[in-house]
Amino acid sequence: MSALRRGVAAIAPLLLGAAWVTGCPRTPHPGAPAADAGYLDPRRPAAERAADLVHRLTVGEKIAQMMTAAPAVPRLGVPAYDWWNEALHGVARAGRATVFPQAIALAATFDEPLVRQIAGVISDEARAKFNLAQAHGERGRYHGLTFFSPNVNIFRDPRWGRGQETFGEDPVLTGRLAVAFIVGLQGDDPRYLKTVATAKHFAVHSGPEATRHVFDARPSAHDLADTYLPQFEAAVRQGQVGSVMAAYNRVDGEACAASPKLLAETLRGSWGFAGYVVGDCGAVGDIFATHHLAPSPAGAAAAALRAGTDLDCGQAYDALEPALASGLVGQADLDRALVRLFTARFRLGLFDAPDSVPWSRLPESVIDAPAHRQLARTAAARAVVLLENRGGVLPLASSIKRLAVVGPTADDQEVLLANYHGTPSHAVTLLDGIGAAARARGVSVRYARGAALAGSGGSSAQLAEAVAAARASDLTVAVVGLDPRFEGEENESPLNPSGDRVEIGLSPGHEKLVEALVATGKPVVVVLTGGSALAIPWIADHAAAILYAWYPGEEGGNAVADVLFGEANPAGRLPITIYRSADDLPPFTDYAMRGRTYRYFDRPPLYAFGAGLSYTTFRYAGLVIAPDHQTISVEVQNTGARAGDEVVEAYVLPHGLPPYAPARWLAAFARVTLAPGERRTVSLSLPPRALSFVDERGTWRPLAGDVDLAVGGGQPDRQG
């Protein structure tokens, strides 16, 4: 069945384990505290235990504990601990682990329960890996339980290489998925944290990568409150995130890691954050070395500590000793930070008997377990966004007997893994997954690379081979797009040291390949890989179908095959706007939101935020808005012959707002599964600020007058 291009369905006017030791050794060291020392008593509150322990540390011991590679303090039974760990879409950089789809792909699911489930699995594997490391006496980097994830920055510009790590361009979507991820990572035990999540990078941080150590973001008061802060606030207030990472850059002249406005006034004062702040790795040193905001390393360390950065990822806090000696900081400044840090370690159970800590017996067998691999496959399929499906070419018909799989990212394992990843037991490339599914159905498969990963394309022989494969087949699947070696973090890949993109289209070689395939006259299904927007206007007009598969994780090949052959019905939605050209965008370095993202973009996009098709059709009826404007409900019916998921999206469209304000915004969403013919009433709760806007001074104000509320399977058609 052909897909229904779904826009707004209803608009309503509205007036307004192993045996191991986590804590002190069984045989006391010389000078060890008495057995009744307060910090050893698990019945006491974590903060009280932390304060008791900090009181017993010498100045040198205190300073050493304020950097990520914290050494042991044998006389007090304090084990060594390294705070630096990664878990963006699976436990990363620590060997074998399930590799789930990249964060931007998880955002495309619009599925909070799924994201929370995935984060719960990640934390299971984290605990199992921690148990294993403890048993082997491994306490170094990437062996701990404090994770520098999730990345909740707003993906304001598709050229940013690290946008793939985010949950997209919308503060509401980002905030809700961030909370789900944080809760899944940290767990819901009333006493112990399963792991510690870190919301990063606070704040106003989204490229360019090459200047992240020197640039000064100066957003308007409106943009700061409306775009750059809400998802961090949600992480703190709703997610109870245990840690926040301060960014490299400056905001309004203040280094983020030494900003009284961001850290003291906003984070702790306004939002009530009670956890610890860690500076991005090297950020405290940047205060002196690149921002030139302090006269010395000691001055930089003192400024960061006084503002509220408790932990330095690096060695810059070595300079706290001269800072203390010269009076730039006091003992109280050290103690305040250390109590926050040790409170986290006590809440993780790192000083308590293993049998009292949940998850302490999780075995190695849970790491990349079969059930986790299946979840990775399910998530990757749910993330696929169907952008075009002309004539219902998908799912592939049984009449297709000869299939060509062509393209430089089809047989590329890097495309599965993205950045900040672990090592899967087995990774299924798109070629492997599609090929296996095809052969199981009696379909022959012919593969050709067709072009190089980047640049103007491979050899003429490669192109000729791809064209020949297409001509000899009933249908061609062209797998093209981005590879994580060409978009990512600064200095992450020698193939693109800047990490960012200059243009937002396909590389010329990929474009040339697809054009040649279409010219054969055989239907071409384009599968796009990547972590950000790809401007593909010619392909949008000429491909038989287009799927966005993102960086889909270790089971990506099987998941894409599930969608192509109809085992899974796509329902992913774009968490970003796909523009027609980089010419439509303001300068990358401009942090003003005007002209960016669907909320402020005033031209027709190639594909809109929230867009996505299905193999079935849906009908909306009976929109009801509660008298208190806090809840809306709508009836959704699957009117097709296939079961499928629908993402119900609610948008606010205000009238008469000033030009600096957004023209529309996502208020609520829910993903639901409906059988053929099934009809269901879906209720959505509107958050308190859904019917408010931010004025020029950065203050949230209630909307007045007429407001339209649009509910459907995508954005409404009305512009502005």
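Rings of Phe, Tyr and Trp (its six-membered ring) pair if their centres lie within 6.5 Å; planes under 30 degrees apart count as stacked, over 60 as edge-to-face and the rest as tilted. The structure holds 18 aromatic pairs on this definition.

## Basis of the model

This is a predicted model, in which local features need pLDDT of at least 70 and side-chain atom pairs count only at pLDDT 80 or more, while totals for chains, interfaces and linings use all residues. Residues are numbered from 1 along each chain as its sequence is written, and side-chain values use heavy atoms, with hydrogens and water left out.

## Overall form

The protein contains 20 helices and 24 strands; helices (H or I, at least four residues) and strands (E, at least two) are DSSP runs, numbered from the N terminus. Its radius of gyration is 26 Å, close to the 27 Å that the globule rule gives for 720 residues, so the protein is as compact as a globular protein of that length. This radius is taken over C-alpha atoms, and the globule rule is 2.2 Å times the number of residues to the power 0.38. Along its principal axes, the C-alpha trace spans about 80 × 60 × 50 Å.

Of the 720 residues, 63% are buried. Buried means under 20% relative accessible area, exposed over 50%, and partly exposed in between (1.4 Å probe, protein chains only).

## Aromatic pairs

One of the ring pairs joins phenylalanine 110 and phenylalanine 669: the centres are 5.4 Å apart and the planes stand at 75 degrees, so the pair is edge-to-face. Phenylalanine 110 lies in the loop between α3 (103-108) and α4 (112-135), and phenylalanine 669 in strand β20 (residues 665-674), so the pair ties together parts that are 559 residues apart in sequence. Both phenylalanine 110 and phenylalanine 669 are buried.

The rings of tyrosine 598 and tyrosine 651 have their centres 6.1 Å apart and their planes at 85 degrees, so this pair is also edge-to-face. It links distant parts of the chain, with tyrosine 598 in helix α20 (residues 597-600) and tyrosine 651 in strand β19 (residues 644-654), 53 residues apart. Tyrosine 598 is buried at 6% relative accessible area, and tyrosine 651 is buried at 0%. Ring pairs link Phe110, Tyr598, Phe609, Tyr651 and Phe669 into a cluster.

## Salt bridges

Side chains of opposite charge can pair when their charged atoms come close. A salt bridge is a side-chain nitrogen of Lys or Arg within 4 Å of a carboxyl oxygen of Asp or Glu. The whole structure has 44 salt bridges. One of them joins aspartate 157 and arginine 159, at 2.8 Å from N to O; aspartate 157 is buried, with a relative accessible area of 0%, and arginine 159 is buried at 11%. Another salt bridge joins arginine 390 and glutamate 388, whose closest N and O atoms are 3.9 Å apart. Here arginine 390 is partly exposed at 35% relative accessibility, whereas glutamate 388 is buried at 7%.

Arginine 402 and aspartate 474 also meet in a salt bridge, at 3.1 Å from N to O. Arginine 402 lies in strand β12 (residues 402-406) and aspartate 474 in the loop between α16 (460-471) and β14 (475-481), so the pair ties together parts that are 72 residues apart in sequence. Arginine 402 is partly exposed at 38%, as is aspartate 474 at 22%.
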